[in-house]
Amino acid sequence: MASLEENIRLTGNPISSGLVMGRAFVYREQEPAVASPHEIKKHQVADELARVENAMEAVRKHLKTSSRRIEADANAKLAKIFEAHEVMLGDPALRKEIAGLVEEELVDGAQALERVFSRWERKLRAQEDENQRNAADDVADLKQRSLRELTGVKATPLEKIPNGIVLVARRLLPSDTVALPRRAVAGIVVDFAGQGSHVALLAEALGIPTVGGIRDVTDRIDEGSTLIVDGFRGEVVLNPDPAARKRCQAEIQACRSKSVRKQQSARETARTQDGTTISVLANVGGREDVSAAGDNGADGVGLYRIEQHYLSLKTPPSKADLVTHLRETFAPLSQKPITIRLLDLGGDKPLPFLRLPAEEDPFLGRRGVRLLLHYPDLLDTQLEALLEFSQDHDVRILIPMVTVADDVVAVRKRLTHVAEQVKHKTLPPLGAMVETPAAALSVGELANHADFLSIGTNDLTQYTMAAGRENPLVNDYFIEDHPAVMRLVGMVAQEAGTTPVGICGELARQIAAVPRLLQLGIRTLSVAPPLVPDVKEAIREILLERAQ
Ligand code: PEP
Ligand code: MG
């Protein structure tokens with residue numbers, strides 16, 4: 001029973017650092033209302049199976065959207081969770097069990113989902129291993145999502161929570177965490193949550209102070225009561241008295257001043273101890289990221305993934321549409337250098353309005369520039385729009401998934417042709433992504449044709465290590481700082497001659513790898529906007545002569 005007593009200390013575990021005071025919003029999970037179990041007739045089996053199949057397919061689509069959205073929000077680890085959910089949902093054993101119940105026991109679809117997912121969840125929950133127990137949350141989440149789809153209940157109540165509250169919950173499932181509006185939640189207090197849990201990943205990415213491991217928390221805290229959430233110490237103070245509130249406010253102020261200092265120095269150029277200037281740019285997917293890049297002191301945009309815009313469209317955009325979109329998107333950083341990558345589609349990213357043929361092995365198929373050269377209209381519209389945009393912006397164009405120098409030659413030919421048609425004399429720099437071992441190993445040739453190079457370590461790792469970046473089964477082989485990958489990075493930096501080389505893959509955000517990357521000769525790093533201050537701070541501590 002909740003209490004009015006003051007200064008009640010609830011001790012848990014620190015999940016995400018930070019200190020905050022706010023009013024409690026107590027979230028109680030709502031199980032989707034499943035009609036009481038009923039037997040279906042034999043002739044209804046096919047329809048019932050189709051209903052289940054449709055619901056699971058809809059969930060699979062949502063998972064794809066969630067993982068893209070989260071990835072754009074700079075949380076690749078969290079995005080991987082949704083990718084893993086997709087794999088789990090397609091597990092033939094799971095599908096077989098569900099279909100078996102419907103076909104053989106004539107159980108209705110909702111009951112079949114409920115029973116099978118619950119059985120899997122119980123099995124995982126009973127495991128010793130923490131990772132396995134975290135996987136039980138994944139199954140619980142898939143159950144909720146599938147049942148919501150089947151019963152037509154779409155939204156979670158978390159989408160409507162008031163701003164600035166402290167969210168108190170027994171447990172937050174991954175899909176709950178994506179539903180949380182970015183700025184609404186000031187703090188989080190949960191019963192079930194460990195360091196590696198989904199809620200921990202999300203809270204860290206968004207900088208939300210979080211405490212976990214407080215038993216029966218939803219029974220002990222009343223809606224609307226005041227809480228201090230101390231994510232440094234892993235402690236919550238319920239109903240703080242005026243003295244405790246004052247102390248907390250002073251501490252919050254001190255934390256803010258420290259982060260303001262870091263934020264301010266982020267606006268200054270990053271130089272190593274021995275005075276080498278390093279450009280720290282931002283990877284962005286949309287206008288919100290561009291604003292965040294500006295707020296975090298990015299020296300410009302190192303990678304704009306234009307496909308994120310295309311994927312939201314139902315019809316191909318015109319040149320004018322694209323120019324308007326670019327102007328709106330980059331308004332917050334219009335004075336800085338902006339690197340825009342041409343559409344990188346195929347592989348894992350199909351386009352809604354383009355019917356691409358199914359490929360046996362899409363990651364080794366017609367991806368990136370290969371696809372663009374096959375659909376010249378798609379390429380030309382982008383080039384025309386970029387040429388126009390470059391009239392009043394410092395634009396660089398980046399070609400995705402280059403394997404051979406001819407890829408660059410072909411795109412430059414189109415760029416020159418388009419420019420002649422619209423009578424533009426000055427062309428923006430044209431760069432190549434180095435994402436394949438072939439590109440890295442023939443960098444000298446590539447550098448003869450490209451104005452700059454940007455190493456995409458995400459794909460470079462996948463192709464070098466022969467481990468799919470989307471495939472959780474080979475996660476252990478996807479080693480971004482493996483000596484093989486580092487060697488290729490070093491080779492590109494050394495053999496590119498005077499052609500500038502940067503890194504825009506996830507490796508650039510690994511603070512521990514930054515000294516080595518600089519030592520290999522890299523002078524431009526592009527990372528998710530919230531990481532710019534940390535990367536700049538790390539650079540300032542490096543003495544290049546000594547960096548290992
Ligand atoms: C990369 O492959 O490292 C990269 C930056 O491109 P994307 O992640 O968009 O494939
Ligand atoms: Mg890539």
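Me: A helix axis is a line fitted to C-alpha atoms over the stretch in contact, and angles run from 0 to 180 degrees between N-to-C directions. At roughly what angle do the axes of helix α12 and α14 cross in this predicted model?
Reply: Take helix α12, residues 319-330. Its axis comes within 9 Å of the axis of α14. The two cross at roughly 50°.

Me: Why is α12 described as oblique to α14, rather than roughly parallel or roughly perpendicular?
Reply: Angles under 35 degrees count as roughly parallel, and 65 to 115 as roughly perpendicular. The crossing of α12 and α14 is at roughly 50°. That makes α12, relative to α14, oblique.

Me: Is the crossing of α12 and α14 left-handed or right-handed?
Reply: Follow α12 where it passes α14. The crossing is right-handed.

Me: How many charged residues are in the contact of α12 with α14?
Reply: On the α12 side are K319, L322, V323, L326, R327 and F330. On the α14 side are T381, Q382, E384, A385, L386, E388 and F389. By class there are seven nonpolar and two polar residues, and the charged ones number four.

Me: Helix α14 also meets α15; at roughly what angle do their axes cross?
Reply: Here α14 spans residues 376-389, and α15 spans residues 405-421. The axes come within 10 Å. α14 and α15 are oblique to each other, as they cross at roughly 60°.

Me: How many nonpolar residues are in the contact of α14 with α15?
Reply: The α14 residues are L379, D380, L383, E384 and L387. Those of α15 are V411, R414, L415, V418 and A419. No residue is polar and three are charged, while the nonpolar count is seven.

Me: At about what angle do helices α3 and α4 pack?
Reply: α3 covers residues 92-105 and α4 covers residues 109-125. Their axes lie 9 Å apart. Only angles over 145 count as roughly antiparallel. α3 is therefore oblique to α4, packing at about 140°.

Me: How many polar residues are in the contact of α3 with α4?
Reply: A93, L94, E97, I98, L101, V102 and E105 of α3 meet G109, A112, L113, R115, V116, F117, R119 and W120 of α4. Ten nonpolar and four charged residues take part. The polar count is one.

Me: Which strands are the edge strands of the open sheet?
Reply: Eight strands line up as β1-β8-β7-β3-β4-β5-β6-β2, with mixed pairing. An edge strand pairs on one side only. The edges are β1 (8-11) and β2 (13-16).

Me: Which residue in β5 stands opposite V168?
Reply: Strand β4 (residues 165-169) and strand β5 (residues 185-190) run parallel. Five bridges join them. Opposite V168 stands V189.

Me: Which helix lies across β3 and β7?
Reply: Look at β3 (19-27) and β7 (226-230). The helix runs at about 115° to β3 and covers residues 242-266. It is α9.

Me: How many Å separate the centres of domain 1 and domain 3?
Reply: The domain assignment gives domain 1 two segments, 8-30 and 157-261. Domain 3 is 266-546. Taken over C-alpha atoms, the separation of their centres is 37 Å.

Note on methods:
Residues numbered from 1 in each chain as written. Chains lettered and ligands numbered in written order. Predicted model: local features only at pLDDT ≥ 70, side-chain atom pairs only at ≥ 80, totals over all residues. Heavy atoms only, no water. Domains from an automatic or database assignment. Helix = DSSP H or I, 4+ residues; strand = E, 2+ residues; numbered from the N terminus. Contact = heavy atoms within 4.5 Å. Nonpolar A, V, L, I, M, F, W, Y, C, P; charged D, E, K, R; others polar. Pairing = 2+ DSSP bridges. Left-handed = near helix turned anticlockwise from the far one by under 90°.
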